[in-house]
Amino acid sequence: MAKSRTFASGRDESDLLPAMAEVFTVSGRRRYLVGPDVTAPNLAATRIQGSGADLIKIAMGWLYERLEAAGCVRTQLVAMVHDELMLHSPLDESERAGQVLAKALMDAGSYLFKGLVPITTESQRGATWADAK
C-alpha cells in the first residue's frame with residue numbers, strides 16, 4: 001500500500017499528480033499509467049524497469065548473429081526471466097556462449113545509455129538453472 005503525505009494546506013500529495021500519466025523509457029517506448037497507479041514511485045520505476053527491458057530486448061536481437069559468428073551454432077536462448085537470459089549450450093560452447101551473451105548485454109547498454117550508465121553483467125554455468133545460481 002502506497003503511503004501518502006498531507007501538506008499543511010490539507011491537500012494530499014495525490015492531488016498534485018494527474019489522473020493519467022505517460023511514461024517513456026530511454027528508447028522512447030511509452031506506457032500509460034492511470035488512476036491509483038499514477039504515483040511518483042511508479043513513474044520512476046516504470047521508466048527504470050522499462051529501460052532495462054529495452055536493454056535486454058536489444059541484446060536478444062543481437063544474440064543469434066553473435067552466437068553464430070562465435071561458432072556457438074548449437075547454443076539456444078531458452079528463457080528470459082526478469083533480467084536473466086538462459087542459454088542451453090553444449091559443454092564445448094558454454095564458456096564462449098556466456099562471453100558472447102555478456103558482451104551483447106554490455107554493448108546493448110552502451111548503445112542505449114550512450115556510455116552514461118555503467119553496465120555490468122554476470123554469467124554462471126551449470127547443468128541446471130539452480131546449479132547456475
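## Pockets, a cavity and a few contacts

Helix α1 (40–69), strands β3 and β4, and helices α2 and α3 (129–132) each supply at least two residues of the lining of the largest pocket. Helices (H or I, at least four residues) and strands (E, at least two) are DSSP runs, numbered from the N terminus. This is a predicted model, where local features need pLDDT of at least 70, side-chain atom pairs count only at pLDDT 80 or more, and totals for chains, interfaces and linings use all residues. Residues are numbered from 1 along each chain as its sequence is written, and side-chain values use heavy atoms, with hydrogens and water left out.

Let's start with the open space. On a 1 Å grid over the protein atoms alone, a pocket is an open set of points with protein on both sides within 12 Å along at least five of seven lines, while a cavity is a set where a 1.4 Å probe fits but cannot get out; lining residues have an atom within 4 Å of a point. Points are joined across faces, edges and corners, and a volume is the space filled by probe spheres set on them.

| Space | Volume | Lining by class |
|---|---|---|
| Largest pocket | about 1,200 Å³ | 21 nonpolar, 14 polar, five charged residues |
| Largest cavity | about 30 Å³ | six nonpolar, no polar, one charged residues |

In these classes, Ala, Val, Leu, Ile, Met, Phe, Trp, Tyr, Cys and Pro count as nonpolar, Asp, Glu, Lys and Arg as charged, and the others, Gly among them, as polar.

Of the 40 residues that line the largest pocket, E84, L85, L101, E122 and S123 are the closest to its centre. Helix α2 gives the largest share of this lining, eight residues.

Around the largest cavity sit A79, M80, V81, E84, L85, M86 and W129. Strands β3 (76–81) and β4 (84–88) are the elements that give two or more residues to that lining.

Just after α2, K114 takes a positive phi of about 55 degrees.

Finally, the structure holds seven salt bridges (a side-chain nitrogen of Lys or Arg within 4 Å of a carboxyl oxygen of Asp or Glu). One of them joins the side chains of D54 and R29 (2.6 Å, N to O). This pair links distant parts of the chain, 25 residues apart: D54 lies in helix α1, and R29 in the loop between β1 (20–24) and β2.
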